[in-house]
Amino acid sequence: MKNKYSIFSLIKNAFSYHENWQKAWKDPQPKKEYDAVIVGGGGHGLATAYYLAKKHNMKNIAVVEKGWIGGGNTGRNTTIIRSNYLWDASAGLYDHALKIWEGLSQELNYNVMFSQRGVMNLAHNLQDVRDLKRRTHANRLNGIDAVYLNTEQVKKFCPIINTSPDIRYPVLGGTLQRRAGTARHDAVAWGYARGADEMGVDIIQNCEVKGIKRNGDSVEGIETTKGFIKTNKVGVVAAGHSSVIANMAGLRLPLESKPLQALVSEPVKPIIDTVVMSNAVHAYVSQSDKGELVIGAGTDDYVSYSQKGSHQIVEGTLNAILELYPIFSRMRMLRQWGGIVDICPDASPILSKTSIKGLYFNCGWGTGGFKATPGSGDLFAHTIANDEPHKLNAAFNLNRFVSGDLVDEHGAAAVAH
Amino acid sequence: MFIINCPYCGERDQQEFKAGGEAHIERPKQPTELSDDEWAEYLFMRKNIKGVQFERWNHAHGCRKWFNMVRDTSNDEIKLVYKMGEKPPLE
């Protein structure tokens, strides 16, 4: 039984110089057999394991992670959470996640630092204005809070934005989702890991999957660097490496893995108390609790697994940031990094069964998976436990690329993917 | 960022180029005969290899010609470039 984190446990542990805190999760060796194995120990994978154990009573399960948990895209994203998507299917999926975010710290007894500071999306030309207004209406019809702001209201909400009509991409308006915001990305992985571990889930780090064993059209187990693990259900949540795992099972996916970059500045006093995103110039910025500006750039256009992107991508983003926020012109950037994102042709994820019985894929989140972490885990757990999708992720099946029933969020989803 | 050896212009900065995805995907010869599965395979499914992959690139801000490239996607090392229409190297 885990000790509950509270003000009292904090005081109690202060007397022993914080040296006797209980381990948040064990470091077990893999058992010979599990009822289900999740491949990938990022936020989505750990959340899947957590909800499998909690809601579907599957306790004999494992999460295998080739590195350390939360060390991939979970620890590399810009932590933005929102649900203002255009299409009904996406709105359902992302707002399901947002509703879980709202109670997540309490549920996990782990502070994920969810902060509903609002997300504002800017319009820079007439088509942007029309698109954003249309999306605002669509959001409201789906019960998602959204308001359209004119230039003055944008300036009032975030005073440091340059709203001069003379700039290259003038701000003509924007949308605001007040329930949106940010969370602490590492805490999400750690919180889910701690919760899953408490319910008996084995979290096995430094364990890379090398092969998927099939018996005809069913899964029999996985080959890993820590030996063979027998299981009838494998849920793959491997983000940028999804195609690599799919190839092991002889499957093809409609994915391309590309580098996505982000960077943070030196820490400064509070200057921006919301998240501002711009689709047209592809720049988005928020400020972390440490005071760093957190800036997201775009993807490169070539396939790469190198976790490095091109310099001109960062340069283009910073050009746009400086034009929109002249106050940042003397800020110095501290760190810059890349992650590998798996992008679907319709910029929507895949949460689906496959043609192989017992093999499930949760992938294709592209540049925007972090916001969906709790919802994705919940719905993927449902799909694995029942061998059927939940109604909220039914549209995100793999067969949509054959039927043509795509969820085309490219350019519709408030930011270019 | 890397330097790309355009088969027409020589070595240029990557900024001048546009990546065009997986190479040697053949356009269906008889589109009317294709099943939905075959269309999906042609339009959407990609190898997305971690390792040596065949790709198309376009020298967009140069000669604007398309060409092929063999590149290791795990470290972005370019192995070879060759012109459109030329046979892909065997290994």
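Helices and strands here are DSSP runs, a helix having at least four residues and a strand at least two, numbered from the N terminus. With that in place, chain B reads β-β-β-α-β-β-β from the N terminus on. That comes to 1 helix and 6 strands for chain B. Before I go further: this is a predicted model.

Staying with chain B for a moment, its C-alpha atoms fill a box of roughly 45 × 30 × 25 Å, taken along the principal axes. One side-chain detail in this chain is Lys65(B), whose charged end sits over the ring of Tyr8(B), 4.8 Å from the ring centre.

Now the interface. How many residues of chain B are in contact with chain A? There are 27 of them, and they touch 27 residues of chain A. The size of an interface is often given as the accessible area lost when the parts come together. For chain B and chain A that buried area is about 2200 Å², and carbon and sulfur atoms give 50% of it.

On the polar side, 14 residue pairs are in polar contact between chain B and chain A, counting pairs with both residues at pLDDT 80 or more. Which elements of chain B give two or more residues to the side that touches chain A? They are strand E3 (18–22), helix H1 (36–43) and strand E4 (52–58). Sorted by class, that side of chain B has 8 nonpolar, 8 polar and 11 charged residues.

Side chains of opposite charge can pair when their charged atoms come close. Between chain B and chain A the count is 2 salt bridges. One of these joins Lys18(B) to Asp301(A), at 3.2 Å from N to O.

Over all chains, the structure holds 27 salt bridges. Within chain A, Lys55(A) forms one with Asp378(A), where the closest N and O atoms are 2.9 Å apart.

Next, the aromatic residues. The total over all chains is 16 aromatic pairs. In chain A, ring pairs join Tyr5(A), Trp21(A) and Tyr110(A) into a cluster. Tyr5(A) also has a charge over its ring: the charged end of Arg194(A) sits there, 3.7 Å from the ring centre.

Last, another arginine of chain A. Where is Arg130(A) found? Arg130(A) lies in helix H4 (residues 126–141) of chain A. Its side chain makes a polar contact of 3.0 Å with the side chain of Gln127(A). Arg130(A) and Thr224(A), by contrast, are 51 Å apart in space, C-alpha to C-alpha, and 94 residues apart in sequence.

Note on methods
Residues numbered from 1 in each chain as written. Chains lettered and ligands numbered in written order. Predicted model: local features only at pLDDT ≥ 70, side-chain atom pairs only at ≥ 80, totals over all residues. Heavy atoms only, no water. Phe/Tyr/Trp six-rings, centres within 6.5 Å; stacked < 30°, edge-to-face > 60°. Lys NZ or Arg CZ within 6 Å of the ring centre and 35° of its normal. Contact = heavy atoms within 4.5 Å. Buried area = accessible area lost by both parts, 1.4 Å probe. Salt bridge = Lys/Arg side-chain N within 4 Å of Asp/Glu carboxyl O. Polar contact = N/O pair within 3.5 Å; in protein donor to acceptor, adjacent residues only side chain to side chain. Nonpolar A, V, L, I, M, F, W, Y, C, P; charged D, E, K, R; others polar.
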